[in-house]
Amino acid sequence: MSEKREQWGSRLGFILAAAGSAVGLGNIWRFPYITGKYGGAAFVFFYLLVVIVIGMSLMLAEFAIGRSARQDAVGSMKKLGGGAWTIVGWMGFFCGFVILSYYAVIAGWTMAYMIKSLTGLMSQATSGDASGALFGAFVSNVPQVLTYHALVMILVSGVVYLGVSGGIEKCCKFMMPSLFVILFFLIIRSVTLPGASAGLEFYMSPKLENLTSEGMLAAIGQGFFSLSLAMGIMIVYGSYIPKEEYLPTSVRSVVIIDTSVAILAGFAIFPAVFAFGIEPGAGPGLTFVTLPVVFSKMPMGFIFSLAFFTLLFLAAFTSAISLLEVSVAYGIDQLKLSRKHSTMVMGGLIFLLGIPSALSVGGHIPQIAGKDFLDVADYVTNNVVMPLGGILITLFAGWFWTDGAKAEITDNGARVFLLYTVWLWICRVVAPVTIAIIFITGLKW
Ligand code: PHE
(Lines give C-alpha, C1' and ligand atoms only; values in the text may rest on other atoms or scores of the structure.)
Protein backbone atom coordinates (compact mmCIF):
# COMPACT_ATOMS: atom_id res chain seq x y z
CA MET A 1 0.00 0.00 0.00
CA SER A 2 1.35 3.42 -0.85
CA GLU A 3 1.28 6.18 1.70
CA LYS A 4 -2.05 8.01 1.96
CA ARG A 5 -2.22 10.98 -0.37
CA GLU A 6 -2.63 14.45 1.06
CA GLN A 7 -6.09 15.98 0.68
CA TRP A 8 -7.74 19.35 1.00
CA GLY A 9 -9.15 19.84 4.49
CA SER A 10 -12.40 21.47 3.42
CA ARG A 11 -14.45 22.27 0.38
CA LEU A 12 -14.09 26.02 0.89
CA GLY A 13 -10.35 25.69 1.38
CA PHE A 14 -9.92 23.81 -1.85
CA ILE A 15 -12.07 26.26 -3.80
CA LEU A 16 -10.14 29.21 -2.44
CA ALA A 17 -6.85 27.51 -3.30
CA ALA A 18 -7.95 26.85 -6.88
CA ALA A 19 -9.41 30.34 -7.15
CA GLY A 20 -6.17 31.68 -5.69
CA SER A 21 -4.33 30.06 -8.54
CA ALA A 22 -6.73 31.47 -11.11
CA VAL A 23 -6.87 34.99 -9.71
CA GLY A 24 -3.54 36.49 -10.64
CA LEU A 25 -1.81 39.35 -12.37
CA GLY A 26 -3.84 38.59 -15.51
CA ASN A 27 -7.09 39.46 -13.75
CA ILE A 28 -5.83 42.79 -12.55
CA TRP A 29 -3.53 44.17 -15.20
CA ARG A 30 -4.80 42.56 -18.35
CA PHE A 31 -8.51 41.77 -18.23
CA PRO A 32 -9.75 45.29 -17.44
CA TYR A 33 -7.64 46.78 -20.17
CA ILE A 34 -8.71 44.45 -22.96
CA THR A 35 -12.31 44.89 -21.85
CA GLY A 36 -12.07 48.66 -22.22
CA LYS A 37 -10.34 48.31 -25.53
CA TYR A 38 -12.50 45.70 -27.19
CA GLY A 39 -16.04 46.77 -26.48
CA GLY A 40 -16.77 47.04 -22.75
CA ALA A 41 -19.83 45.10 -21.71
CA ALA A 42 -20.04 43.50 -25.17
CA PHE A 43 -16.57 42.05 -24.63
CA VAL A 44 -17.47 40.86 -21.13
CA PHE A 45 -20.41 39.00 -22.55
CA PHE A 46 -18.26 37.23 -25.11
CA TYR A 47 -15.60 36.50 -22.47
CA LEU A 48 -18.22 34.88 -20.24
CA LEU A 49 -19.30 32.69 -23.10
CA VAL A 50 -15.73 31.54 -23.68
CA VAL A 51 -15.10 30.89 -20.02
CA ILE A 52 -18.32 28.99 -19.55
CA VAL A 53 -18.03 26.87 -22.67
CA ILE A 54 -14.32 26.17 -23.02
CA GLY A 55 -12.82 27.18 -19.68
CA MET A 56 -15.21 25.24 -17.49
CA SER A 57 -15.06 22.15 -19.70
CA LEU A 58 -11.29 22.02 -19.65
CA MET A 59 -11.15 22.64 -15.92
CA LEU A 60 -13.60 19.83 -15.31
CA ALA A 61 -11.50 17.51 -17.47
CA GLU A 62 -8.36 18.42 -15.52
CA PHE A 63 -9.96 17.95 -12.11
CA ALA A 64 -11.33 14.59 -13.23
CA ILE A 65 -7.96 13.43 -14.53
CA GLY A 66 -6.18 14.45 -11.33
CA ARG A 67 -8.72 13.04 -8.93
CA SER A 68 -8.98 9.77 -10.78
CA ALA A 69 -5.25 9.17 -11.05
CA ARG A 70 -4.27 10.77 -7.71
CA GLN A 71 -0.84 11.64 -9.05
CA ASP A 72 1.09 14.70 -10.20
CA ALA A 73 0.50 15.82 -13.80
CA VAL A 74 3.10 13.52 -15.36
CA GLY A 75 2.06 10.52 -13.27
CA SER A 76 -1.63 11.14 -13.95
CA MET A 77 -1.21 11.17 -17.71
CA LYS A 78 1.08 8.15 -17.55
CA LYS A 79 -1.41 6.21 -15.45
CA LEU A 80 -4.59 7.08 -17.35
CA GLY A 81 -3.26 7.42 -20.88
CA GLY A 82 0.19 5.89 -20.94
CA GLY A 83 2.53 6.05 -23.91
CA ALA A 84 2.69 9.36 -25.70
CA TRP A 85 0.00 10.89 -23.46
CA THR A 86 2.64 11.17 -20.77
CA ILE A 87 4.04 14.04 -22.79
CA VAL A 88 0.96 16.09 -21.90
CA GLY A 89 1.92 15.75 -18.25
CA TRP A 90 5.45 16.84 -19.07
CA MET A 91 4.11 19.87 -20.88
CA GLY A 92 2.22 20.86 -17.74
CA PHE A 93 5.31 20.35 -15.62
CA PHE A 94 7.36 22.44 -18.04
CA CYS A 95 4.84 25.30 -17.99
CA GLY A 96 4.56 25.34 -14.21
CA PHE A 97 8.31 25.38 -13.81
CA VAL A 98 9.07 28.01 -16.43
CA ILE A 99 6.13 30.30 -15.70
CA LEU A 100 6.95 30.43 -12.01
CA SER A 101 10.53 31.41 -12.76
CA TYR A 102 9.42 34.75 -14.21
CA TYR A 103 6.14 35.12 -12.34
CA ALA A 104 8.10 35.18 -9.09
CA VAL A 105 10.26 37.98 -10.47
CA ILE A 106 7.16 40.08 -11.16
CA ALA A 107 5.65 39.16 -7.80
CA GLY A 108 8.90 40.50 -6.36
CA TRP A 109 8.32 43.83 -8.10
CA THR A 110 4.88 44.09 -6.49
CA MET A 111 6.46 43.48 -3.12
CA ALA A 112 9.03 46.18 -3.75
CA TYR A 113 6.30 48.60 -4.75
CA MET A 114 4.38 47.84 -1.54
CA ILE A 115 7.40 49.09 0.35
CA LYS A 116 8.06 51.97 -2.04
CA SER A 117 4.49 53.17 -1.54
CA LEU A 118 5.50 54.05 1.99
CA THR A 119 8.99 55.29 1.19
CA GLY A 120 8.75 58.07 -1.33
CA LEU A 121 7.02 56.61 -4.38
CA MET A 122 4.25 59.18 -3.95
CA SER A 123 6.57 62.16 -3.98
CA GLN A 124 8.61 60.84 -6.92
CA ALA A 125 6.11 59.36 -9.36
CA THR A 126 4.32 62.61 -10.04
CA SER A 127 4.36 62.43 -13.83
CA GLY A 128 4.37 59.63 -16.38
CA ASP A 129 7.99 60.32 -17.29
CA ALA A 130 9.20 60.42 -13.72
CA SER A 131 7.30 57.26 -12.87
CA GLY A 132 8.62 55.48 -15.97
CA ALA A 133 12.17 56.47 -15.11
CA LEU A 134 11.72 55.25 -11.56
CA PHE A 135 10.43 51.88 -12.72
CA GLY A 136 13.24 51.61 -15.29
CA ALA A 137 15.83 52.31 -12.61
CA PHE A 138 14.25 49.77 -10.29
CA VAL A 139 14.13 46.88 -12.75
CA SER A 140 17.74 47.44 -13.75
CA ASN A 141 18.91 47.42 -10.15
CA VAL A 142 20.16 43.83 -10.08
CA PRO A 143 20.74 43.36 -6.34
CA GLN A 144 17.29 44.71 -5.50
CA VAL A 145 15.41 42.73 -8.11
CA LEU A 146 17.21 39.52 -7.19
CA THR A 147 16.63 40.06 -3.50
CA TYR A 148 12.88 40.41 -4.02
CA HIS A 149 12.83 37.44 -6.38
CA ALA A 150 14.60 35.36 -3.73
CA LEU A 151 12.25 36.58 -1.01
CA VAL A 152 9.20 35.59 -3.01
CA MET A 153 10.63 32.15 -3.76
CA ILE A 154 11.48 31.63 -0.10
CA LEU A 155 7.98 32.62 1.03
CA VAL A 156 6.24 30.57 -1.65
CA SER A 157 8.44 27.57 -0.87
CA GLY A 158 7.70 28.03 2.82
CA VAL A 159 3.98 27.69 2.20
CA VAL A 160 4.29 24.71 -0.13
CA TYR A 161 6.71 23.03 2.29
CA LEU A 162 3.94 23.02 4.90
CA GLY A 163 1.77 20.83 2.72
CA VAL A 164 -1.55 20.83 0.93
CA SER A 165 -3.96 21.52 3.75
CA GLY A 166 -1.47 22.84 6.32
CA GLY A 167 0.25 25.28 3.96
CA ILE A 168 -1.46 25.99 0.64
CA GLU A 169 -5.02 25.79 1.88
CA LYS A 170 -4.43 27.76 5.08
CA CYS A 171 -2.59 30.48 3.24
CA CYS A 172 -5.26 30.86 0.54
CA LYS A 173 -8.04 30.86 3.12
CA PHE A 174 -6.46 33.94 4.60
CA MET A 175 -5.20 35.64 1.47
CA MET A 176 -8.24 35.35 -0.80
CA PRO A 177 -10.72 37.02 1.56
CA SER A 178 -8.10 39.72 2.23
CA LEU A 179 -7.82 40.26 -1.49
CA PHE A 180 -11.57 40.82 -1.75
CA VAL A 181 -11.57 43.29 1.13
CA ILE A 182 -8.78 45.32 -0.44
CA LEU A 183 -10.43 45.21 -3.83
CA PHE A 184 -13.69 46.63 -2.45
CA PHE A 185 -11.81 49.29 -0.54
CA LEU A 186 -10.11 50.42 -3.77
CA ILE A 187 -13.33 50.31 -5.78
CA ILE A 188 -15.09 52.58 -3.30
CA ARG A 189 -12.24 55.09 -3.46
CA SER A 190 -12.07 54.96 -7.22
CA VAL A 191 -15.74 55.34 -8.10
CA THR A 192 -16.25 58.19 -5.63
CA LEU A 193 -13.54 60.39 -7.18
CA PRO A 194 -14.86 63.42 -9.05
CA GLY A 195 -14.82 62.61 -12.76
CA ALA A 196 -14.94 58.85 -12.21
CA SER A 197 -17.78 58.39 -14.66
CA ALA A 198 -15.53 58.82 -17.71
CA GLY A 199 -13.69 55.69 -16.58
CA LEU A 200 -16.89 53.76 -16.10
CA GLU A 201 -17.96 54.83 -19.56
CA PHE A 202 -14.65 53.63 -21.09
CA TYR A 203 -14.75 50.35 -19.20
CA MET A 204 -18.30 49.16 -19.38
CA SER A 205 -20.48 50.90 -21.93
CA PRO A 206 -21.32 48.21 -24.49
CA LYS A 207 -19.73 48.97 -27.84
CA LEU A 208 -20.47 46.07 -30.08
CA GLU A 209 -18.50 47.57 -32.96
CA ASN A 210 -15.28 47.35 -30.91
CA LEU A 211 -15.66 43.61 -30.41
CA THR A 212 -13.39 42.72 -33.34
CA SER A 213 -12.04 39.31 -34.22
CA GLU A 214 -8.80 40.40 -32.57
CA GLY A 215 -10.81 41.13 -29.42
CA MET A 216 -12.41 37.72 -29.56
CA LEU A 217 -9.04 36.04 -29.78
CA ALA A 218 -7.85 38.12 -26.87
CA ALA A 219 -10.87 36.93 -24.89
CA ILE A 220 -10.15 33.28 -25.59
CA GLY A 221 -6.46 33.59 -24.72
CA GLN A 222 -7.22 35.53 -21.58
CA GLY A 223 -9.92 33.10 -20.41
CA PHE A 224 -7.54 30.24 -20.78
CA PHE A 225 -4.64 31.88 -18.99
CA SER A 226 -6.83 33.38 -16.31
CA LEU A 227 -8.23 30.05 -15.22
CA SER A 228 -4.69 28.56 -14.96
CA LEU A 229 -5.57 25.82 -17.41
CA ALA A 230 -3.33 23.44 -19.35
CA MET A 231 -0.30 23.77 -17.13
CA GLY A 232 -0.85 20.85 -14.85
CA ILE A 233 -2.15 22.97 -11.97
CA MET A 234 -5.74 21.84 -11.99
CA ILE A 235 -4.67 18.20 -12.46
CA VAL A 236 -2.48 18.43 -9.37
CA TYR A 237 -5.04 20.38 -7.32
CA GLY A 238 -7.67 17.89 -8.53
CA SER A 239 -5.58 15.03 -7.22
CA TYR A 240 -6.12 16.31 -3.66
CA ILE A 241 -9.94 16.60 -3.95
CA PRO A 242 -11.78 14.09 -1.76
CA LYS A 243 -13.80 11.48 -3.64
CA GLU A 244 -17.16 12.67 -2.33
CA GLU A 245 -16.84 16.13 -3.86
CA TYR A 246 -19.05 16.78 -6.92
CA LEU A 247 -16.62 18.26 -9.45
CA PRO A 248 -18.95 20.38 -11.63
CA THR A 249 -20.02 22.48 -8.63
CA SER A 250 -16.41 23.13 -7.64
CA VAL A 251 -15.58 24.20 -11.17
CA ARG A 252 -18.47 26.62 -11.12
CA SER A 253 -17.35 28.25 -7.87
CA VAL A 254 -13.76 28.71 -9.03
CA VAL A 255 -14.86 30.25 -12.31
CA ILE A 256 -17.28 32.64 -10.61
CA ILE A 257 -14.58 33.90 -8.25
CA ASP A 258 -12.00 34.32 -10.99
CA THR A 259 -14.36 36.16 -13.29
CA SER A 260 -15.72 38.45 -10.58
CA VAL A 261 -12.25 39.55 -9.54
CA ALA A 262 -11.36 40.28 -13.16
CA ILE A 263 -14.48 42.37 -13.72
CA LEU A 264 -14.23 44.14 -10.35
CA ALA A 265 -10.57 45.05 -10.91
CA GLY A 266 -11.63 47.34 -13.75
CA PHE A 267 -13.89 49.26 -11.39
CA ALA A 268 -10.94 49.88 -9.12
CA ILE A 269 -8.63 51.00 -11.92
CA PHE A 270 -10.39 52.95 -14.68
CA PRO A 271 -12.52 55.44 -12.75
CA ALA A 272 -9.34 56.53 -10.93
CA VAL A 273 -7.20 56.68 -14.06
CA PHE A 274 -9.77 58.72 -15.97
CA ALA A 275 -10.59 60.96 -13.02
CA PHE A 276 -7.05 62.32 -13.35
CA GLY A 277 -7.18 62.54 -17.12
CA ILE A 278 -4.49 59.89 -17.69
CA GLU A 279 -4.31 57.50 -20.67
CA PRO A 280 -4.71 53.89 -19.52
CA GLY A 281 -2.30 51.23 -20.72
CA ALA A 282 -2.02 47.54 -19.90
CA GLY A 283 0.33 45.17 -18.14
CA PRO A 284 3.42 46.30 -16.27
CA GLY A 285 3.12 49.79 -17.79
CA LEU A 286 -0.34 50.31 -16.33
CA THR A 287 0.48 48.93 -12.91
CA PHE A 288 4.01 50.10 -12.27
CA VAL A 289 4.07 53.34 -14.26
CA THR A 290 0.57 54.78 -14.72
CA LEU A 291 -1.06 53.90 -11.43
CA PRO A 292 1.67 55.34 -9.18
CA VAL A 293 1.07 58.67 -10.91
CA VAL A 294 -2.66 58.35 -10.24
CA PHE A 295 -2.03 57.55 -6.57
CA SER A 296 0.41 60.44 -6.22
CA LYS A 297 -2.40 62.80 -7.18
CA MET A 298 -4.89 61.45 -4.64
CA PRO A 299 -5.17 62.73 -1.10
CA MET A 300 -3.61 60.07 1.15
CA GLY A 301 -2.43 58.39 -2.04
CA PHE A 302 0.15 56.26 -0.24
CA ILE A 303 -2.61 54.29 1.45
CA PHE A 304 -4.23 53.44 -1.86
CA SER A 305 -0.90 52.70 -3.45
CA LEU A 306 -0.02 50.33 -0.62
CA ALA A 307 -3.45 48.71 -0.87
CA PHE A 308 -3.17 48.27 -4.62
CA PHE A 309 0.29 46.71 -4.59
CA THR A 310 -0.74 44.46 -1.71
CA LEU A 311 -3.68 43.36 -3.83
CA LEU A 312 -1.37 42.54 -6.71
CA PHE A 313 1.03 40.76 -4.41
CA LEU A 314 -1.71 38.58 -2.92
CA ALA A 315 -3.02 37.73 -6.37
CA ALA A 316 0.44 36.84 -7.65
CA PHE A 317 1.46 34.96 -4.53
CA THR A 318 -1.44 32.48 -4.47
CA SER A 319 -0.86 31.84 -8.19
CA ALA A 320 2.84 31.28 -7.57
CA ILE A 321 1.99 28.70 -4.88
CA SER A 322 0.00 26.66 -7.37
CA LEU A 323 2.79 26.82 -9.91
CA LEU A 324 5.35 25.56 -7.43
CA GLU A 325 3.04 22.79 -6.28
CA VAL A 326 3.03 21.34 -9.82
CA SER A 327 6.79 20.81 -9.67
CA VAL A 328 6.82 19.74 -6.04
CA ALA A 329 4.12 17.13 -6.66
CA TYR A 330 6.26 15.77 -9.49
CA GLY A 331 9.22 15.47 -7.14
CA ILE A 332 7.08 13.65 -4.58
CA ASP A 333 5.20 11.29 -6.89
CA GLN A 334 7.80 10.57 -9.56
CA LEU A 335 11.15 11.11 -7.89
CA LYS A 336 9.92 9.78 -4.54
CA LEU A 337 11.30 12.75 -2.66
CA SER A 338 9.76 13.88 0.59
CA ARG A 339 7.64 17.05 0.35
CA LYS A 340 10.34 18.94 2.19
CA HIS A 341 13.14 17.85 -0.12
CA SER A 342 11.07 18.29 -3.22
CA THR A 343 10.15 21.84 -2.23
CA MET A 344 13.74 22.80 -1.55
CA VAL A 345 15.04 21.28 -4.77
CA MET A 346 12.30 22.65 -7.04
CA GLY A 347 12.11 26.04 -5.32
CA GLY A 348 15.89 26.38 -5.64
CA LEU A 349 15.99 25.36 -9.30
CA ILE A 350 13.14 27.68 -10.21
CA PHE A 351 14.86 30.53 -8.41
CA LEU A 352 17.96 29.91 -10.52
CA LEU A 353 15.96 29.78 -13.73
CA GLY A 354 14.35 33.09 -12.78
CA ILE A 355 17.69 34.88 -12.62
CA PRO A 356 18.02 35.43 -16.38
CA SER A 357 14.43 36.71 -16.47
CA ALA A 358 15.14 39.06 -13.63
CA LEU A 359 18.27 40.36 -15.35
CA SER A 360 16.77 40.55 -18.82
CA VAL A 361 14.27 43.31 -18.10
CA GLY A 362 16.98 45.72 -17.07
CA GLY A 363 18.92 44.84 -20.25
CA HIS A 364 21.74 43.09 -18.38
CA ILE A 365 21.78 40.04 -20.62
CA PRO A 366 21.53 39.84 -24.40
CA GLN A 367 18.13 39.45 -26.00
CA ILE A 368 17.10 36.28 -27.79
CA ALA A 369 15.94 37.03 -31.34
CA GLY A 370 14.78 40.49 -30.32
CA LYS A 371 13.00 39.51 -27.12
CA ASP A 372 13.96 39.70 -23.45
CA PHE A 373 14.49 36.33 -21.77
CA LEU A 374 11.39 36.96 -19.65
CA ASP A 375 9.29 37.54 -22.75
CA VAL A 376 10.68 34.43 -24.40
CA ALA A 377 9.76 32.30 -21.38
CA ASP A 378 6.31 33.88 -21.41
CA TYR A 379 5.88 33.40 -25.15
CA VAL A 380 6.96 29.77 -25.28
CA THR A 381 4.70 28.75 -22.40
CA ASN A 382 1.62 30.82 -23.17
CA ASN A 383 1.59 30.82 -26.93
CA VAL A 384 3.01 27.41 -27.68
CA VAL A 385 3.01 24.81 -24.92
CA MET A 386 -0.21 25.80 -23.16
CA PRO A 387 -2.50 25.85 -26.21
CA LEU A 388 -1.08 22.51 -27.35
CA GLY A 389 -1.60 21.10 -23.87
CA GLY A 390 -5.18 22.37 -23.83
CA ILE A 391 -5.95 20.74 -27.15
CA LEU A 392 -4.43 17.43 -26.07
CA ILE A 393 -6.18 17.37 -22.68
CA THR A 394 -9.62 17.99 -24.15
CA LEU A 395 -9.03 15.40 -26.88
CA PHE A 396 -7.82 12.95 -24.26
CA ALA A 397 -10.91 13.40 -22.09
CA GLY A 398 -13.30 13.52 -25.04
CA TRP A 399 -12.08 10.63 -27.19
CA PHE A 400 -9.70 8.39 -25.28
CA TRP A 401 -10.52 8.44 -21.63
CA THR A 402 -14.26 8.87 -22.14
CA ASP A 403 -15.56 6.17 -19.80
CA GLY A 404 -13.05 7.03 -17.13
CA ALA A 405 -13.99 10.69 -17.26
CA LYS A 406 -17.67 9.90 -17.08
CA ALA A 407 -17.21 7.59 -14.12
CA GLU A 408 -15.08 10.18 -12.32
CA ILE A 409 -17.46 13.08 -12.86
CA THR A 410 -20.63 11.16 -12.02
CA ASP A 411 -19.10 9.21 -9.16
CA ASN A 412 -19.56 5.94 -11.09
CA GLY A 413 -23.08 6.79 -12.08
CA ALA A 414 -24.26 7.69 -8.59
CA ARG A 415 -24.84 11.30 -9.66
CA VAL A 416 -26.39 12.76 -12.74
CA PHE A 417 -24.35 15.30 -14.68
CA LEU A 418 -27.07 16.82 -16.83
CA LEU A 419 -24.69 18.52 -19.20
CA TYR A 420 -22.57 15.44 -19.80
CA THR A 421 -23.22 15.17 -23.54
CA VAL A 422 -22.68 18.89 -24.02
CA TRP A 423 -19.40 18.67 -22.10
CA LEU A 424 -18.31 15.65 -24.10
CA TRP A 425 -18.78 17.38 -27.46
CA ILE A 426 -17.13 20.52 -26.25
CA CYS A 427 -14.10 18.39 -25.33
CA ARG A 428 -14.27 16.44 -28.55
CA VAL A 429 -14.71 19.26 -31.04
CA VAL A 430 -15.51 22.77 -29.85
CA ALA A 431 -12.61 23.28 -27.44
CA PRO A 432 -9.82 21.71 -29.52
CA VAL A 433 -10.87 23.59 -32.64
CA THR A 434 -11.19 26.93 -30.85
CA ILE A 435 -7.88 26.52 -29.07
CA ALA A 436 -6.23 25.50 -32.33
CA ILE A 437 -7.43 28.77 -33.82
CA ILE A 438 -5.89 30.87 -31.05
CA PHE A 439 -2.77 28.78 -31.22
CA ILE A 440 -2.22 29.39 -34.91
CA THR A 441 -3.17 33.05 -34.78
CA GLY A 442 -1.08 33.68 -31.71
CA LEU A 443 2.13 32.33 -33.22
CA LYS A 444 3.50 35.68 -34.35
CA TRP A 445 6.86 36.23 -32.64
N1 PHE B 1 -4.25 32.65 -13.70
C2 PHE B 1 -3.26 33.60 -13.40
C3 PHE B 1 -3.65 34.99 -13.81
O4 PHE B 1 -4.73 35.25 -14.26
C5 PHE B 1 -2.00 33.37 -14.09
C6 PHE B 1 -1.35 32.12 -13.88
C7 PHE B 1 -0.79 31.55 -14.90
C8 PHE B 1 -1.34 31.55 -12.64
C9 PHE B 1 -0.20 30.40 -14.73
C10 PHE B 1 -0.74 30.39 -12.47
C11 PHE B 1 -0.20 29.81 -13.53
O12 PHE B 1 -2.84 35.87 -13.70
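I began with H7 and H14, which cross in a right-handed sense. This is a predicted model, and I read every entry below with that in mind. H7 covers residues 128–139. Its axis and that of H14 lie 8 Å apart, and the two helices pack at an angle of about 135°. That angle makes H7 oblique to H14.

Next I looked up H9 and H15. H9 runs over residues 164–191 and H15 over residues 301–333. Their axes come within 9 Å and cross at roughly 150°. Angles over 145 degrees count as roughly antiparallel, and H9 and H15 are therefore roughly antiparallel to each other. I noted the hand too: H9 passes H15 in a left-handed crossing. I then sorted the residues of this contact by class. I found 20 nonpolar, 3 polar and 2 charged.

**Entry: the largest pocket**

I turned to the open spaces. The largest pocket has a volume of about 1200 Å³. I listed its lining and got 37 residues. Nearest the pocket centre are Arg30, Gly221, Asp378, Asn382 and Asn383.

Which helix gives the largest share of this lining? I found H17, with 8 residues. H17 spans 373–400. Other helices that supply at least two residues each are H2 (25–37), H5 (86–118), H11 (213–226), H14 (283–296) and H19 (420–441). By class, I noted 22 nonpolar, 7 polar and 8 charged residues in the pocket lining.

**Entry: the largest cavity**

How many cavities of 30 Å³ or more are there? I counted 4. The largest cavity holds about 120 Å³ of space. I found 16 residues in its lining. Ser21, Tyr103, Phe225, Ser228 and Ser319 lie nearest the centre of this cavity.

H1 (11–22), H2, H5, H11 and H15 each give two or more residues to it. H2, H5 and H11 were already on my list for the largest pocket.

I wrote down its lining in chain order: Leu186, Arg189, Ser190, Ala268, Ile269, Ala272, Leu291, Val294, Phe295, Met298 and Phe308. The elements giving two or more residues here are H9, H13 (247–275) and H14. By class, I noted 9 nonpolar, 1 polar and 1 charged. Arg counts as charged, and Arg189 is in this lining.

**Entry: aromatic pairs**

I looked up the aromatic pairs and found 37 in the structure. I took Trp8 and Tyr237 as my example. Their ring centres are 5.0 Å apart and their planes stand at 75°, so this pair is edge-to-face. The pair links distant parts of the chain. Trp8 sits in the segment before H1, and Tyr237 in H12 (residues 233–238). The two residues are 229 residues apart.

**Entry: backbone phi**

Last, I checked for positive phi. Most residues other than glycine have a negative phi. I noted two residues against that background.

Arg70 is not a glycine, yet its phi is positive, about 55°. I located Arg70 in the loop between H3 (41–69) and H4 (73–80).

Lys336 also has a positive phi without being a glycine, at about 60°. Where does Lys336 lie? I placed Lys336 in the loop between H15 and H16 (339–361).

Terms used:
Residues numbered from 1 in each chain as written. Predicted model: local features only at pLDDT ≥ 70, side-chain atom pairs only at ≥ 80, totals over all residues. Heavy atoms only, no water. 1 Å grid on protein atoms, 1.4 Å probe; cavity = no way out; pocket = protein on both sides within 12 Å on 5 of 7 lines; lining within 4 Å. Points joined across faces, edges and corners; volume = space filled by probe spheres on them. Helix = DSSP H or I, 4+ residues; strand = E, 2+ residues; numbered from the N terminus. Axes fitted to C-alpha atoms, helices over the stretch in contact; angles between N-to-C directions. Parallel < 35°, antiparallel > 145°, perpendicular 65-115°, else oblique. Left-handed = near helix turned anticlockwise from the far one by under 90°. Phe/Tyr/Trp six-rings, centres within 6.5 Å; stacked < 30°, edge-to-face > 60°.
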